[in-house]
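Please examine the chain shown below.

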Amino acid sequence: MVQTYQSPVRIYKHPFEIVMAAYQKRFPTCPQIPIFVGSEITSEYHSPDGAVEVLDRKCQLNVDAPYLVKKIAGVDYIYFNQKNSLDRRKRTLDIEATNISFASRIAILEKCNYYVHPENKEWTCFEQSASLDVKSFFGFETTVEKLAVKQYAANLAKGKEILEFFIEDLLKSGTTYIPPFQDSDSTRSPGDSAIDVSKTDDDQHSESQTETETQKEPVDRRLSTSHAPTASYSTVSQITRRQSTTSGTPKPSTSGAANGNLIHATSFDDPESKLEAEYIRRFLGQLNPLEESRLCELKYGLQTAHKGKLPNDAHLLRFLRARDFDVSKARDMVINSLLWRKQHNVDKLIHDFQQPPVLLQFFPGAWHHHDKLGRPLFVLRLGNLDVKGLLRTVGLEALVKLTLLICEQGLAKTEEATKSLGQPISAWTMLVDLEGLSMRHLWRPGVQALLRIIEIVEANYPETMGHVLISRAPRVFPVMWTLISQFIDENTRKKFMINSGESILNELGKYIDKQYLPDFLGGQCYCVAPEGGHVPKEHYRPVEQMGMDGEDALTSTYTAAYVHRGMPHEIAVEAPIVGSVLTWDFDVLKGECEFLIYHTNKKLRQVTPQSPTSLNPVERVTAAIGSVTTTSTNNFTVALDPELKLNQDLTIQERPVLFCEGDSMQGSHYCHRPGTYILQWRHPEPQTTQPSSAFDFSLSSSHKAKLMLYYELLDAHGFHGSVASLESCRSSFSSLVNAGITQPSVPNTPLSHKKDISIPGPSSSKLR
């Protein structure tokens with residue numbers, strides 16, 4: 001595999017001639033570079049006018065390699081050929097270095113370029129690129145490749161320091177000015193005359209006027225391909241030119257929008273295509289040389305291949321960090337994100353999005369000052385978030401748009417923080433309060449919606465989260481964490497910190513200034529985040545109308561069911577081990593019904609019940625007779641197996657509760673025993689104990705209920721260890737990853753949770 005390096009633009013705030021004089025002091029030896037043993041000139045060329053100088057040097061390096069590698073290679077030193085092409089007239093120096101040693105086994109190519117700053121003739125720019133291709137090396141290919149990359153990276157940072165050392169040495173010795181090269185009259189050929197006899201007077205006047213106008217504008221070194229360096233090294237970015245003021249104070253790039261929206265990209269040869277080292281340090285962060293190289297490679301490669309919008313530099317760096325600075329993987333991630341934005345017209349959607357009143361009132365989240373590192377702080381009272389209510393009222397699309405809006409606001413706030421603090425701020429912090437979290441938050445459509453949102457954010461807004469501070473975590477939290485953590489990137493998971501103890505303010509004070517601690521946690525700072533709470537059912541859209549756009553999690557999860565007198569709707573769920581959690585959710589769309597849960601040790605076969613409308617007249621009479629008989633003799637008959645006897649081989653786990661048209665219920669049941677759990681929806685039993693005096697053959701609509709329901713069994717293996725390990729990090733914020741919450745253990749203690757309605761049994765239910 002070929003290893004490559006591309007440097008950002010480095011600026012020496014000294015004239016080109018001074019920099020060149022300092023550069024010459026590095027030869028023939030340079031004690032400041034220990035591996036550089038020495039050099040000798042093998043050939044040289046000087047033009048008659050003294051403007052052009054070409055030198056070939058043979059350089060000797062003492063590479064710090066393992067003894068075994070040197071012994072096998074049979075050498076103590078490595079030799080390189082370096083070709084320096086200096087053009088004093090153009091004020092450029094091109095350097096090309098290739099390896100002499102092991103040339104048939106290893107191919108090393110390095111190119112460097114010094115040139116005058118496009119806007120300030122008194123400054124000098126420097127760029128560098130290199131490639132390494134280890135073809136074969138006695139079976140040590142990987143070792144040699146790592147060694148070469150390590151040595152190269154270690155010497156990159158020294159290069160500028162050493163050159164600046166020699167510049168200072170020149171200045172101290174009294175050499176403060178070296179005049180630029182100028183052609184003498186005796187060396188000028190007739191072709192150099194200011195008057196071209198081949199042109200007309202009008203042409204001369206036109207060119208003279210153009211030249212005058214050009215002199216009034218900033219100088220651009222890229223006047224023509226014949227008078228400029230190669231395309232790879234010929235220009236610096238307009239960012240650099242904006243930074244290159246006499247004050248020496250760099251300013252952030254204005255190529256990206258303040259809210260983090262995408263910018264319009266230009267071609268690689270455009271003056272805005274280059275990154276400057278000081279700009280990276282001040283506004284993107286302290287990167288090592290290889291990380292700087294990967295950022296340059298990613299940006300320049302995208303500008304070459306992609307004609308259209310590109311993320312700004314800070315966001316490109318986030319994609320690189322998300323892929324461990326693998327340029328190829330980061331490039332694929334950026335391109336996929338750009339395609340996603342284009343396909344869904346994301347920029348327009350976010351610009352035109354107006355939050356529905358329900359979101360403004362019941363979404364318990366808002367931006368709230370900043371943390372101690374200056375990162376923007378977003379507060380989310382997740383325990384008060386009614387996921388089901390919001391999905392039923394505004395739908396998944398509105399929640400996704402709200403999430404994207406928050407992400408874009410976060411990008412804008414990080415950029416503002418970078419400008420105001422004068423240091424790079426690339427991420428924000430989220431404070432998540434879990435007070436009120438219960439098993440109802442494990443509602444499957446809500447979890448599916450959350451996972452879909454996480455997937456979108458991970459793919460398009462990577463590495464935007466600095467810390468996720470989770471406060472007041474109840475014991476049910478590890479169950480939810482186990483369900484969603486596997487879908488969160490590993491780097492992001494490491495940023496989750498949890499606290500479930502009493503000293504919440506003291507612990508939060510380690511991350512957030514006390515003056516900004518939210519009031520709902522006992523702090524003194526008012527938080528504008530709404531309290532959230534349950535969305536009133538009158539705002540709900542009918543379930544039948546949900547998901548018309550094909551994107552809603554509700555329609556892909558719920559199933560329709562019907563309950564008739566004498567014909568309950570039943571679902572048999574087998575729980576093979578103790579500790580599983582049975583969850584359910586249903587809406588009564590029409591009529592009324594009772595809901596209860598049985599348990600039996602007998603395995604049952606799930607049977608799809610027939611609707612009375614599909615029965616023939618005799619079967620309808622039989623069903624009606626059966627309903628009367630059943631009602632009068634046994635109120636707890638299970639249709640899946642009528643032989644089951646209550647209190648013998650059948651027990652009630654959840655007592656019957658009556659639900660009317662429009663009611664909605666979420667609930668869960670902790671499975672203390674293995675076996676089969678039977679969820680039953682049945683027609684309400686009559687209040688009188690006397691048998692009916694007449695049969696009812698009509699099976700009218702008053703005896704029929706329609707439901708939309710969902711159920712799921714959560715496997716105990718998935719979260720038993722989570723519940724136990726949470727106990728080890730209750731007193732302070734601890735990393736969820738370090739806590740090892742997914743390691744299995746076998747506690748025999750049921751989940752503790754608050755019951756929302758009084759229903760006997762180990763369950764957590766919510767009637768709404």
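Phe325 counts as buried, because its relative accessibility is 17%; buried means under 20% relative accessible area, exposed over 50% and partly exposed in between, with a 1.4 Å probe and protein chains only. The model is a predicted one, in which local features need pLDDT of at least 70 and side-chain atom pairs count only at pLDDT 80 or more, while totals for chains, interfaces and linings use all residues. Residues are numbered from 1 along each chain as its sequence is written, and side-chain values use heavy atoms, with hydrogens and water left out.

Phe325 is found in the loop between α8 and α9. Here, as throughout, helices (H or I, at least four residues) and strands (E, at least two) are DSSP runs numbered from the N terminus. Asp324 is found in the loop between α8 (313–322) and α9 (327–343). Asp324 counts as exposed because its relative accessibility is 63%. Most residues other than glycine have a negative phi, and most peptide bonds are trans. Asp324, although not a glycine, has a positive phi of about 50°, and Phe325, also not a glycine, has a positive phi of about 60°.

Phe27 and Pro28 are joined by a cis peptide bond, with omega about 5°. Pro28 is found in the loop between α1 (16–24) and β3 (36–46).

Gln82 lies in strand β5 and is buried, with a relative accessible area of 13%.

Leu55 stands opposite Asn84 in β5. β5 also pairs with strand β6 (residues 92–99), in the antiparallel sense over eight bridges, and the bridge partner of Lys83 in β6 is Glu96. The hairpin of β5 and β6 has four residues between the strands, and Arg91 in this hairpin takes a positive phi near 60°. Val75 lies in the loop between α2 (67–73) and β5 and is partly exposed, with a relative accessible area of 26%. From C-alpha to C-alpha, Val75 and Asn62 are 9.9 Å apart in space, and they are 13 residues apart in sequence.

A further sheet is open and consists of four strands in the order β17-β22-β19-β20, with antiparallel pairing. Its edge strands are β17 (569–575) and β20 (651–659), each of which pairs on one side only. Neighbouring strands of this sheet are turned by 15° against each other on average, direction ignored. Strand β19 (residues 593–600) and strand β22 (residues 675–682) pair in the antiparallel sense over seven bridges; the bridge partner of His599 in β22 is Tyr677.

Attention now turns to helices. The axes of helix α13 (residues 395–421) and helix α14 (residues 444–460) come within 11 Å and cross at roughly 35°. Axes are lines fitted to C-alpha atoms, for helices over the stretch in contact, and angles run from 0 to 180 degrees between N-to-C directions. In this contact, Leu396, Leu399, Val400, Thr403, Leu404 and Cys407 of α13 meet Ala449, Arg452, Ile453, Ile456 and Val457 of α14. These residues divide into nine nonpolar, one polar and one charged; Ala, Val, Leu, Ile, Met, Phe, Trp, Tyr, Cys and Pro count as nonpolar, Asp, Glu, Lys and Arg as charged, and the others, Gly among them, as polar. An α-helix has 3.6 residues a turn, so residues three or four places apart point the same way.

Helix α15 (residues 477–485) is mostly covered, with eight of its nine residues buried. The buried residues of α15 are Phe477, Pro478, Val479, Met480, Trp481, Thr482, Ile484 and Ser485.

Over the protein chain, the secondary structure comes to 20 helices and 25 strands. Buried residues make up 48% of the 768 residues in the protein chain. Of the contacts in the protein chain with a separation of 6 or more, 78% are between residues 24 or more positions apart.

Conventions. Contact = heavy atoms within 4.5 Å. Pairing = 2+ DSSP bridges.
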